[in-house]
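Look at the sequence and the fold before going through the points.

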Amino acid sequence: MELANRLFFRLYQCANMLHKTGTRAVEAQGLTTQQWAVLGALSRPEAADGMSVGDLARYLMVSRQNLSGLISRMERDGHLGSAPDGRDRRSRRITMTESGREVWVNEAQPNIRRYYGQALAGFSVGDMAHTLHYLLKLLGNMQRLDEAGVAAAEDGHEASDAATPG
């Protein structure tokens with residue numbers, strides 16, 4: 001239990017320091033780590049035509065509500081655009097604007113590469129590969145917990161619906 005507590009506390013500290021120091025790395029571009037993640041997700045070749053808000057939220061593992069405010073701010077700043085999704089008119093498709101791509105490719109990326117080099121100082125390629133392996137393993141376990149929690153909540157909701165006189 002103590003080792004698990006130490007591990008999760010260090011993970012918590014790393015996440016907090018990522019937000020603090022990562023935001024500092026891209027603040028000259030007016031970005032935060034959350035905005036960095038959105039631009040990174042949208043810069044992938046498979047997202048060349050944009051992503052629905054739901055797909056983007058699932059990819060980033062955030063709630064649609066948290067993502068909605070972030071997208072609005074990034075649209076206001078000219079980094080993102082949105083339009084009705086051609087496949088589902090109820091959904092919006094989020095794309096990176098030319099201005100957003102310029103900021104991402106020519107301004108943020110060099111700072112991010114420098115940040116990665118500084119944050120990973122002393123890590124060998126093997127260290128990074130092992131760390132990635134264990135983080136993916138942990139993430140998979142947490143995703144299973146999340147799915148089980150969603151299923152349990154839905155089962156509990158259905159049970160309470162069945163018990164409620166209609």
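**Overview**

Met61 lies in the loop between α3 and α4. The model is a predicted one. Much of what follows concerns helix α2, a mostly covered element in which eight of ten residues are buried. The structure also holds four salt bridges, and three of them are described at the end.

- Met61 is not a glycine, yet has a positive phi of about 60 degrees.
- The relative accessible area of Met61 is 46%, so Met61 counts as partly exposed.

**Helix α2 and its buried residues**

- The buried residues of α2 are Thr33, Gln35, Trp36, Val38, Leu39, Gly40, Ala41 and Leu42.
- Two packed helices are described by the angle between their axes and by the distance between those axes.
- An α-helix has 3.6 residues a turn, so residues three or four places apart point the same way.

**α2 against α5**

- Helix α2 spans residues 33-42 and helix α5 spans residues 98-119; their axes come within 12 Å and cross at roughly 115 degrees.
- Because angles from 65 to 115 degrees count as roughly perpendicular, α2 and α5 are described as roughly perpendicular to each other.
- The crossing in which α2 passes α5 is left-handed.
- On the α2 side the contact is made by Trp36, Leu39 and Gly40, and on the α5 side by Trp104, Ile112, Tyr115 and Tyr116.
- Sorted by class, this contact of α2 with α5 has six nonpolar residues, one polar residue and no charged residues.

**α2 against α3**

- Helix α3 covers residues 53-60, and the axes of α2 and α3 come within 11 Å, crossing at roughly 115 degrees.
- This pair, α2 and α3, is therefore also roughly perpendicular.
- Here α2 passes α3 in a right-handed crossing.
- The residues that meet are Ala37, Val38 and Ala41 in α2 and Leu56, Tyr59 and Leu60 in α3.
- By class, the contact of α2 with α3 has six nonpolar residues, with no polar and no charged ones.

- Ala41 has its place in helix α2.
- At a relative accessibility of 2%, Ala41 counts as buried, because the cut-off for buried is under 20%.
- Leaving aside residues up to four places away in sequence, Ala41 touches Ala47, Met51, Leu56, Tyr59 and Leu60.
- Of these, Leu56, Tyr59 and Leu60 are the α3 residues that meet α2.

**α2 against α4**

- The axes of α2 and α4 are 11 Å apart, and the two helices pack at an angle of about 85 degrees.
- α2 and α4 are therefore roughly perpendicular to each other.
- In this contact Gln34, Gln35, Val38 and Leu39 of α2 meet Leu67, Leu70 and Met74 of α4.
- By class, the α2 contact with α4 has five nonpolar, two polar and no charged residues.
- Val38 is listed in the contact with α3 and in the contact with α4.
- Leu39 is listed in the contact with α5 and in the contact with α4.

**Salt bridges**

- Glu75 and Arg92 meet through their side chains in a salt bridge, at 3.6 Å from N to O.
- This pair links distant parts of the chain, since Glu75 is in helix α4 (residues 64-76) and Arg92 is in strand β3 (residues 92-96), 17 residues apart.
- Glu75 counts as partly exposed at 25% relative accessibility, and Arg92 counts as partly exposed at 30%.
- Another salt bridge joins the side chains of Glu46 and Arg44, at 2.9 Å from N to O.
- Glu46 is exposed at 60% relative accessibility, whereas Arg44 is buried with a relative accessible area of 18%.
- Arg76 forms a salt bridge with Asp77, and their closest N and O atoms are 3.2 Å apart.
- Arg76 counts as exposed at 60% relative accessibility, while Asp77 is partly exposed with a relative accessible area of 34%.

Terms used:
Residues are numbered from 1 along each chain as its sequence is written. This is a predicted model: local features need pLDDT of at least 70, side-chain atom pairs count only at pLDDT 80 or more; totals for chains, interfaces and linings use all residues. Side-chain values use heavy atoms; hydrogens and water are left out. Buried means under 20% relative accessible area, exposed over 50%, partly exposed in between (1.4 Å probe, protein chains only). Helices (H or I, at least four residues) and strands (E, at least two) are DSSP runs, numbered from the N terminus. Axes are lines fitted to C-alpha atoms, for helices over the stretch in contact, and angles run from 0 to 180 degrees between N-to-C directions. Angles under 35 degrees count as roughly parallel, over 145 as roughly antiparallel, 65 to 115 as roughly perpendicular and the rest as oblique. A crossing is left-handed if the near helix is turned anticlockwise from the far one by less than a right angle, and right-handed if clockwise. Contact means heavy atoms within 4.5 Å. Ala, Val, Leu, Ile, Met, Phe, Trp, Tyr, Cys and Pro count as nonpolar, Asp, Glu, Lys and Arg as charged, and the others, Gly among them, as polar.
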